[in-house]
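Good morning, and thank you for joining. I would ask you to keep the sequence and the three-dimensional view open while I speak.

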Amino acid sequence: MTTDISLDEVHLGEFDLSDQAFWTAPRSYREGAFTTLRDTPGLAFYEEAVIEDSPFPRGPGYFAVTRHDDIWHVSRHPKLFCSGKGANIGDLPQEMNEFFGSMINMDDPKHFRLRSIVSKGFTPKEVGKVEEYVHDKAVRIIDRLNTDFPDKTCDFVENVAAALPLEIICDMMGIPEEDYGKVLGWTNTILGVGDPEFVGTYEDLMGQSLQMFMYAQTLGESRRADPQDDITSVMMAAEVDGEQLTPQEFGSFFILLVVAGNETTRNAISHGLKAFTDHPDQRDLLYENFETHSKTAVEEVVRWATPVIHFRRTATEDTEVGGQLVQEGQKLVMFYNSGNRDERVYADPHRFDVTRPVNPAQIGFGAGGPHFCLGANLARREMTVMFDEIRKRLPSLRITGEPDYLQSAFINGIKRMQCAWD
Ligand code: HEM
């Protein structure tokens with residue numbers, strides 16, 4: 001619960017969003033800090049973190065965009081606030097931005113072309129094809145808990161939350177089962193930057209990304225030559241204005257998709273069960289009236305968890321955001337976690353409420369505009385099915401240990417968390 005926030009103890013300047021330690025401080029402290037930021041006129045400016053081993057110079061700093069309406073404004077004006085200079089805080093050379101981030105680091109017309117092609121793999125028809133598979137997978141994951149863990153306790157993240165999104169995205173892409181573990185290892189490394197458990201050096205990160213890229217290129221080329229019933233084949237065959245994806249473009253998109261599709265949904269499911277455990281009244285409300293509340297409950301879990309903490313934009317001309325003058329070339333970092341707790345738009349935002357109206361929309365999948373999460377409907381489906389199967393098959397499933405959080409300013413991750421059932 002976050003009701004123990006004492007705003008008197010938190011002042012601007014006492015905390016630093018670029019300091020990893022801020023992101024491992026107690027949640028109540030962080031919530032207090034963001035409340036202060038939202039209430040402070042203008043935008044706060046921060047120095048960038050020093051990334052050890054990075055061969056690139058430290059960037060010039062960034063404005064923190066923390067109010068819901070300001071995030072909405074920045075996200076929906078892509079000509080004024082571009083993504084092409086990078087959607088993460090640190091600067092990389094242009095080719096590396098596209099290598100690592102694919103379309104998340106692009107602007108139109110490049111972004112439009114790529115998104116038009118890959119969207120063909122995410123039509124309702126393609127997502128619909130995995131519906132039954134999502135259900136079967138969720139059933140198998142829950143049912144095997146009793147067989148695999150006779151003591152009725154295990155790590156929820158590894159055995160429940162991680163298994164579903166990984167297997168779904170790998171299956172959609174046509175990745176064989178024996179390679180699932182390898183893919184999970186790569187995504188952990190890429191998103192675990194900053195957490196000592198996952199990444200040793202900058203070189204490790206580059207090495208692992210390159211392996212993933214090469215794996216994807218081979219997969220893409222083989223599906224172009226010999227199409228199968230998977231979205232890799234659909235994407236490799238798709239054409240926009242007579243052009244197809246190059247294997248390199250597919251390689252980079254693969255990195256984005258696998259990373260974006262796995263860790264986010266996994267963390268949403270983990271935070272979800274933690275929230276249901278901490279708020280049994282809300283769990284009971286959902287479990288007893290699943291049809292009525294599942295839609296709002298899933299949105300509330302994404303709002304509550306905000307699995308992706310931020311994305312960055314860069315001003316393309318001098319402008320103003322939230323009363324703050326911003327100059328061309330300056331960076332703005334949208335803190336979705338803060339926008340999702342903004343008391344100006346959400347009543348009682350620190351309350352977990354599975355009946356919270358979906359309007360105004362939570363901004364965990366982005367605040368609208370051209371980069372809005374491509375996998376939002378798939379993620380919603382996976383979460384709904386998973387919570388439904390937990391409710392039906394193992395309703396006593398609950399979190400028993402303190403979560404071991406990922407040390408990251410980018411992903412609100414849970415690495416491990418013990419659960420139990422009766
Ligand atoms: C709960 C789960 C998820 C969360 C919280 C989430 C969050 C986000 C956010 C915040 C963005 C940036 C939006 C913006 O800048 O406007 C994004 C973009 C994206 N997401 Fe998700 N995501 C989730 C699941 C997924 C899944 C399951 C997939 C695919 C299988 C996916 C694929 C993508 C892609 C490809 C983009 C880039 C879109 C673009 O640049 O045009 N995401 N997501």
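Predicted model: local features only at pLDDT ≥ 70, side-chain atom pairs only at ≥ 80, totals over all residues.

Strand β3, residues 81–82, pairs antiparallel with β5 through two bridges; two strands are said to pair if DSSP finds at least two bridges between them. Within this pairing, Cys82 has Thr314 of β5 as its bridge partner. β5 is also joined to strand β8, residues 331–335, by five bridges, again antiparallel. There, Thr314 stands opposite Lys331 of β8. Helices (H or I, at least four residues) and strands (E, at least two) are DSSP runs, numbered from the N terminus.

Residues are numbered from 1 along each chain as its sequence is written, and side-chain values use heavy atoms, with hydrogens and water left out.

Is β5 mostly covered or exposed? It is mostly covered, with six of its six residues buried, where buried means under 20% relative accessible area, exposed over 50%, and partly exposed in between, using a 1.4 Å probe and protein chains only. His310, Arg312 and Thr314 point one way from the strand, while Phe311, Arg313 and Ala315 point the other way.

For His371, the corresponding distance to a ligand oxygen atom is 2.7 Å, and for a polar side-chain atom of Arg115 it is 2.7 Å. A polar contact here is a pair of N or O atoms within 3.5 Å; within protein, one must be able to donate a hydrogen and the other to accept it, and residues adjacent in sequence count only if both atoms are side-chain atoms.

The elements that give two or more residues to the shell around the ligand are α5 (110–118), α13 (247–278), β5 (310–315) and α17. Of these, α13 gives the most, with seven residues. In total, 29 residues surround the ligand, and the closest are His111, Arg115, Arg313, His371 and Cys373; a residue is near a molecule or strand if one of its heavy atoms lies within 4 Å of it. By class, the shell has 19 nonpolar, eight polar and two charged residues. Ala, Val, Leu, Ile, Met, Phe, Trp, Tyr, Cys and Pro count as nonpolar, Asp, Glu, Lys and Arg as charged, and the others, Gly among them, as polar.

Which protein atom is the donor to the iron atom of the ligand? The single donor from the protein is SG of Cys373, 2.3 Å away. Donors are N, O and S atoms within 2.8 Å of the metal (3.2 Å for Na, K and Ca); water is not among the atoms, so sites may look incomplete. Cys373 is placed in the loop between α16 (336–339) and α17 (376–393).

That loop also holds Pro360, which a cis peptide bond joins to Asn359, with omega about 5°. A cis bond likewise joins Asp108 and Pro109, with omega about 5°; Pro109 is in the loop between α4 (94–101) and α5.

Finally, two backbone angles. Lys152, in the loop between α7 (131–148) and β4 (153–155), has a positive phi of about 60° although it is not a glycine. Lys152 is partly exposed, at 31% relative accessible area. Asp241, in the loop between α12 (231–237) and α13, has a positive phi near 50° and is exposed at 77% relative accessibility. Most residues other than glycine have a negative phi, and most peptide bonds are trans.
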